[in-house]
Amino acid sequence: MAWNSSSSGRRLLDCEDRKCVGASWALVSAIFTVGSLLALASPIAATPDLKGIDPKDLQYYESSIIWCRDKSKSFPRERLNDNFCDCRDGTDEPGTSACPESKFYCSNIGHRPETLFSSRVNDGICDCCDGSDEYDGKIKCSNTCWEAGKKSREKLEKKLATFKEGLKLRTKDVDYARHKRKEQQEELSTLKKDEKNLKDVVKKLKVHLDAIEKAEKEEELKRAKAEQERQAKQNASIGNTNASVTETPTEVRPEDFEVEISDVQNSEDSQVEEKEAGSHEEGLETVVQSEGESENLESLSKEELGKLVASRWTGEKVEHEGRFGENSDNSHHVMEETDEAVDDSSNNLHETGEEFENNENADWVNEDRENEDNEEEEEEEEEEDNYEKTYVPSEHTEVERIRREFSEANSKLTSLQRKISDLELKLKQDFGKDGEFFSFYDQCFEMKLNKYLYKICPYKQASQNENHATSRLGTWDGFKDDYKVMVFSNGDKCWNGPDRSLKVRLRCGLKNEVLSVEEPSRCEYVAELTTPASCLESKLLALQQQQRNAESQLHEEL
Amino acid sequence: MDCNLQFILGLLCLLVVLISNPASGFKSEEFRKCNQAPFCKEARARKPGTSKAHVSEISLKDGSVRAKLLSFSETDEPAGALILLLTVYREGILRIRVKEENEPPSGKRRFEVPDVLVTGLEDRRLWIQRVSTENGVTVFYLAAGHEVVLQHSPFQIHVRKGSEQLVSFNSKGLFHFEQLRQKREGENWEETFRSHTDSRPHGPQSVSFDVSFHKAEHVYGIPEHATRLALKPTRGTEEYSEPYRLFNLDVFEYLEESPFGLYGSIPFMLSHNQDRTTGFFWLNAAEMLIDVLAPGWDKEVDNEEKTAASSIDTQWITESGPLDAFLFVGPTPKDVVKQYTSVTGTTTIPQYFATAYHQCRWNYKDEADVKHVDSKFDEFDIPYDVIWLDIEHTDGKKYFTWDPILFPNPEEMQKKIASKGRHMVTIVDPHIKRDDGYWVHKEATEEGYYVKDVQGRDYDGWCWPGSSSYLDMVNPAIRSWWADKFSLSSYKGSTPILYIWNDMNEPSVFNGPEASMPRDNLHYGGVENRDIHNAYGYYFHMASAEGLLRRGDANDRPFVLSRAFFAGTQRVGPVWTGDNTADWDHLRASVPMILTLGLTGIAFTGADVGGFFGNPDSELLTRWYQLGAFYPFFRAHAHLDTKRREPWLFGEPYTSLIRNAIDTRYALLPYYYTLFKEASTTGVPVMRPLWMEFPKDASTYAMDDEFMVGQGLLVRGIYAEGISVESVYLPGDEPWYHFETGAEYAGGHHYKMPVTLESILVFQKSGTIIPRKDRHRRSSTQTEKDPFTLVVALNTAKQAEGELYIDDGKSYDFEKGAFIHRKFIFSKGRLTSSSLHGQDNSRKGFSSSSLVDRIIILGLKPEESIGKHRALVESVNQKIDVERGPTILRRGAALNAVVIRMPNVAIADDWSIQLL
């Protein structure tokens with residue numbers, strides 16, 4: 001198993017032939033420091049123990065006095081691998097376990113060479129496939145390099161095939177993306193032109209409409225004044241005591257509505273606030289408020305108390321009054337259901353809002369707010385619109401016609417603007433160096449794992465779904481690590497933990513496919529996705545080089 | 001309108017289920033205070049001198065002093081007499097027992113806690129030959145120069161040496177003994193605390209008294225509390241707090257400084273001053289409260305025996321149970337610990353692997369996770385010996401089962417772990433899921449093995465699995481049945497490398513009073529939980545360890561970690577300090593907690609490295625590893641919701657720093673194992689307060705930021721962020737050597753030392769020899785045949801000595817002499833190794849092929865030694881090299897030491913090496 005000097009000599013020569021790009025710092029420094037002495041190193045008299053030395057480093061060990069690499073001291077060659085650590089950095093014991101810092105090189109003929117920590121040498125466990133790390137007779141390691149090498153070569157071959165095929169697909173995708181992107185850019189400029197024209201139309205109509213409305217308002221005011229006077233007279237005749245009663249129907253009722261609306265708005269707000277507060281305080285999702293908990297504990301049933309106390313450790317939600325049915329061992333269950341309830345209603349609102357736009361009375365939609373991101377506010381607005389809509393008088397046919405025209409134009413403009421902003425949003429995304437991720441924009445990738453369905457929508461968000469419950473794992477946060485990882489962050493808050501997040505590792509593959517989803521740390525998810533987009537030419541070349549190296553090494557060894 | 005409705009509905013849903021604040025932190029109000037417990041409140045309010053008990057009818061019976069105690073309180077109704085029994089054991093131990101003379105009318109006897117006292121105790125009893133009675137006192141012999149003085153009226157007991165009083169019992173007249181009696185008409189014995197009612201069927205039965213430690217500077221012990229090592233007064237002129245409580249409880253997010261009772265209880269207190277250490281132990285497993293009274297606490301009271309300013313008085317109060325107490329006279333700290341452990345037993349020497357590093361987390365999720373973590377340790381060349389699985393590994397929190405999806409092939413998984421010489425630990429808790437499909441529950445129900453509620457039904461509490469019952473571990477038959485559950489055939493998926501962890505054994509009952517069991521629950525023999533509460537976890541621990549013992553044909557030392565403990569737990573297995581928190585204060589608190597456990601007999605202890613709750617930053621985690629590497633029990637653990645924090649996850653430099661810390665522990669394993677051997681024979685703990693090694697040095701008495709490991713190492717942790725200079729006190733008048741640089745520091749000084757993130761402050765005491773194994777390995781298993789390094793730290797006389805104990809690290813063969821025990825002495829330039837083992841050990845079935853390949857000598861100037869010196873291995877008459885070298889084999893280590901190179905003498909042999 002030990003090196004003999006002739007084979008090491010040959011190895012060294014080979015190394016020089018191939019110019020040995022990877023020559024280690026040690027070698028370089030050795031040449032500098034020991035200089036010409038080394039070059040002239042005389043042939044070694046005693047058979048030196050060269051176990052564990054990387055062939056590239058053999059030269060370093062040729063002189064009769066060798067320096068520790070850290071220059072702390074030197075040692076005579078007989079101390080090389082004498083099983084006593086002289087150099088703190090392990091220079092003198094590459095072939096034994098004596099120095100904690102040294103590394104053991106096994107050549108693994110038939111497979112690829114490996115460098116082990118010194119802790120593996122003669123520890124009774126076979127680490128190198130050639131078994132060279134166990135030489136003290138405690139254990140006999142069979143040489144498995146040939147099988148291992150074969151397996152690894154086959155694996156490499158397979159991988160190469162995947163890369164080759166994948167690269168073709170990728171090239172296609174990149175072409176398609178380039179083409180499509182250009183198309184969409186053109187579409188965008190067309191849309192923008194249309195928008196400009198439409199804006200002019202709307203503007204004109206608006207001027208017209210304003211004039212009509214102004215006249216209308218004056219009329220209205222007049223009428224109102226007359227009405228007031230009429231009522232004042234009436235009131236006077238009924239008497240002061242009843243004044244407040246009679247005021248009620250005329251003045252208070254509209255306010256009533258306003259109050260109702262603002263109530264709804266407030267409760268929306270507070271709903272959101274409470275949700276946030278809950279998550280801020282790393283919400284132990286229990287029914288009972290912390291402050292009042294002490295008192296409330298007393299009134300709990302034994303089972304509720306048990307669950308509540310358990311929840312301090314686990315953060316599981318404790319459900320009151322069995323309202324949500326069976327005990328769930330998913331701590332996020334209830335919260336998610338609630339979330340969804342809210343989501344649903346907002347979705348509905350959206351639909352309502354969209355219907356609105358197509359409605360001929362949609363002229364009350366405030367265009368300034370159209371592009372606002374804030375959903376909540378939008379919802380409120382639309383809510384209000386919805387209410388006010390029913391109060392729009394439509395008496396005069398002329399006014400009505402202009403108003404309808406205005407409304408139609410406006411609505412067209414709105415939808416146009418929405419299209420523009422969508423397209424702009426898309427086109428400003430980072431689709432990779434070659435636009436290879438362009439097609440990811442409109443795709444979601446899914447994986448079912450036990451009871452969960454994971455949904456990864458690049459450029460948008462990722463979620464974990466269980467029946468009707470959804471946890472947001474994060475919203476799109478871009479690529480990291482040279483397009484090898486997609487990051488989704490700021491997902492739903494975890495009790496006592498971080499916000500959920502997901503990292504998607506990308507690997508070359510022929511299909512877009514989620515291979516695994518894991519949660520190595522609480523609420524920090526990691527998924528693996530294969531995609532042709534990650535089949536890079538540079539990597540293919542590297543693999544081919546690797547294959548050539550393996551082949552030439554094998555050839556050499558045989 | 002539809003939309004509105006949806007919103008309102010959504011809102012309603014939120015309101016119903018919402019989301020309160022997290023139950024963050026310790027909830028003081030959920031735990032009973034002294035003044036909420038009538039027995040405690042009354043005892044605490046009692047004035048000194050209240051007790052009017054007097055002694056009569058003193059006689060010698062079977063070598064013990066027997067007497068009657070009468071009319072012990074003016075206020076109490078007349079009751080039967082009490083019997084006082086005083087017994088003496090070898091080496092200065094006095095036992096004080098008081099019982100009701102007559103069988104109580106209810107038929108209930110006070111429960112005497114079984115299986116705590118060692119079996120051979122009776123053999124060490126000294127027969128009291130005679131007593132002398134005059135002037136109202138009876139005096140008899142205790143130990144070398146010590147006498148017991150029994151004062152008749154008022155009843156008091158003193159231990160004295162010559163004219164010097166050491167310890168007194170009832171010298172403050174607080175003795176109070178509520179005799180068991182029948183309920184009077186209209187009397188209501190029920191007590192309620194929060195929503196829980198305690199029926200108290202046997203009524204008042206509290207016992208309390210005072211103990212005075214004369215001239216004591218400090219008192220220590222009575223774990224488990226998160227407090228300083230030197231116990232602060234709880235009552236007195238300035239101070240006032242809750243008394244120290246001994247009541248085993250599962251406390252959520254405990255505070256880092258509080259007299260509040262935690263998971264275990266040992267009613268053993270030590271006192272110390274320059275000349276004398278004494279101890280007092282009360283064998284009673286009921287709720288106990290102990291006040292440490294500040295000097296002058298009784299100055300308002302007209303009492304003839306005012307406390308001398310230098311005394312520390314203490315008041316001891318229990319709810320029920322016997323008065324059976326032991327007094328230990330010392331005189332040194334080690335003597336007291338030895339005396340205490342001669343009564344309750346010593347720590348069994350652990351398996352070698354168990355003294356190495358343990359990797360735990362709630363939870364390693366599945367087999368792939370286990371494999372991944374295991375392989376990462378190898379990838380980063382960080383050694384570890386044991387990987388742990390918390391509750392999530394089970395099928396629905398049914399212990400002895402495996403989650404079929406996450407752990408489908410547990411045996412295969414353990415085989416892989418075992419192939420690297422590593423071990424695995426799984427958790428087994430005492431709450432049994434009430435699930436008819438669970439065989440443990442089925443058997444326990446059928447056999448009637450559960451603890452009963454006050455109505456006599458199987459008690460149904462709530463814990464991890466939901467509705468759960470608790471095995472009645474007080475019953476030896478049930479313990480035996482339980483032990484059989486650990487056999488390889490019964491515990492499916494277990495293999496011989498699997499060991500056990502007992503958690504929640506206080507017991508923790510989520511919906512019980514104070515998150516534990518109702519006091520009126522009934523155990524074997526009709527004993528209430530009130531009487532055995534603090535020992536429940538101990539019996540459970542004992543039964544589990546017995547299971548592993550049986551599994552290994554009584555020749556594989558069990559390893560069972562327990563959270564709850566009682567006096568005697570040291571014989572069973574290690575404990576840890578429970579659910580601590582990842583902050584600097586908890587890091588700091590771990591030291592006094594572990595030191596206190598060591599003083600009270602439990603040598604094998606540790607705290608969760610990293611802190612259980614919360615997320616340590618990289619610096620805190622590094623500091624925790626650096627300190628934790630010196631805990632007797634070295635395990636990292638983390639809560640389910642924390643971020644992963646395995647040693648390699650924080651990147652450089654932290655990975656390397658943590659690796660260095662763990663490597664240091666591995667290098668020192670031979671030293672630790674030798675210290676465990678010492679603990680197993682003498683009771684002296686592995687990790688010791690400074691005053692145990694330097695009992696005369698008063699400046700060390702309250703020190704608990706630094707500590708000793710054995711006699712040889714002093715460790716000073718770093719307990720705050722960003723420290724660049726830290727003070728350290730090096731006691732004694734001999735020099736110390738920096739553990740890593742070998743630099744020498746004179747003893748008896750406070751130093752301000754520069755500190756980097758590289759390491760905490762560790763020093764080797766001069767005059768000691770520490771054995772190490774410096775080679776890196778995957779786990780301790782692979783170090784077996786590796787050579788030893790001896791680090792010889794010379795004192796000013798250029799002398800040093802040390803020991804090394806080795807055995808097979810697994811079995812009980814050492815009891816038959818299968819071990820190597822060496823003594824190393826360095827004197828006059830010669831290092832000799834001789835056997836401490838009585839006979840030639842080669843015939844006793846254990847030997848070692850390991851050599852000594854490196855001898856590091858600190859205290860010789862390298863520049864004077866190198867070149868001139870060689871060394872002669874005298875047995876083979878071979879000259880070897882002496883060189884300048886580092887104290888530790890690490891990149892950049894200073895070359896401050898003289899190194900004898902490759903003596904290659906066998907560790908098992910006698911040899912000597914002479915420096916020339």
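Is A:K155 buried or exposed?

Reply: A:K155 counts as exposed, because its relative accessibility is 64%; exposed means over 50% relative accessible area, buried under 20% and partly exposed in between, with a 1.4 Å probe and protein chains only. The model is predicted, so local features need pLDDT of at least 70 and side-chain atom pairs count only at pLDDT 80 or more, while totals for chains, interfaces and linings use all residues. Residues are numbered from 1 along each chain as its sequence is written, chains are lettered from A and ligands numbered from 1 in the order in which they are written, and side-chain values use heavy atoms, with hydrogens and water left out.

A:K155 is located in helix α3 of chain A, residues 145-238 (helices are DSSP runs of H or I of at least four residues, strands are E runs of at least two, and both are numbered from the N terminus). Together with A:R112, A:K159, A:K484 and A:K539, A:K155 forms a positive surface patch. Patch members have over 30% relative accessible area and no salt bridge; like charges are joined within 9 Å, and nonpolar side chains (Val, Leu, Ile, Met, Phe, Trp, Tyr) within 5 Å. Lys and Arg count as positive, and the place of a charge is NZ of Lys or CZ of Arg.

Salt bridges are a separate topic. Over all chains, the whole structure holds 107 of them, each being a side-chain nitrogen of Lys or Arg within 4 Å of a carboxyl oxygen of Asp or Glu. One of these joins B:R891 to A:E101, with the closest N and O atoms 3.1 Å apart. This pair crosses between chains, from the loop between β50 and β51 of chain B to the loop between β2 and β3 of chain A. A:E101 is partly exposed because its relative accessible area is 23%. Within chain B, B:D503 bridges to B:R563 at 3.2 Å between the closest N and O atoms.

The rings of B:F281 and B:Y340 are edge-to-face, because their centres are 5.2 Å apart and their planes stand at 85°. B:F281 belongs to strand β18 and B:Y340 to helix α3 of chain B, so the pair ties together parts 59 residues apart in sequence. B:F281 is buried at 0% relative accessibility.

Key: Areas by Shrake-Rupley, 256 points an atom, 1.4 Å probe, with all protein chains shown as cover. Phe/Tyr/Trp six-rings, centres within 6.5 Å; stacked < 30°, edge-to-face > 60°.
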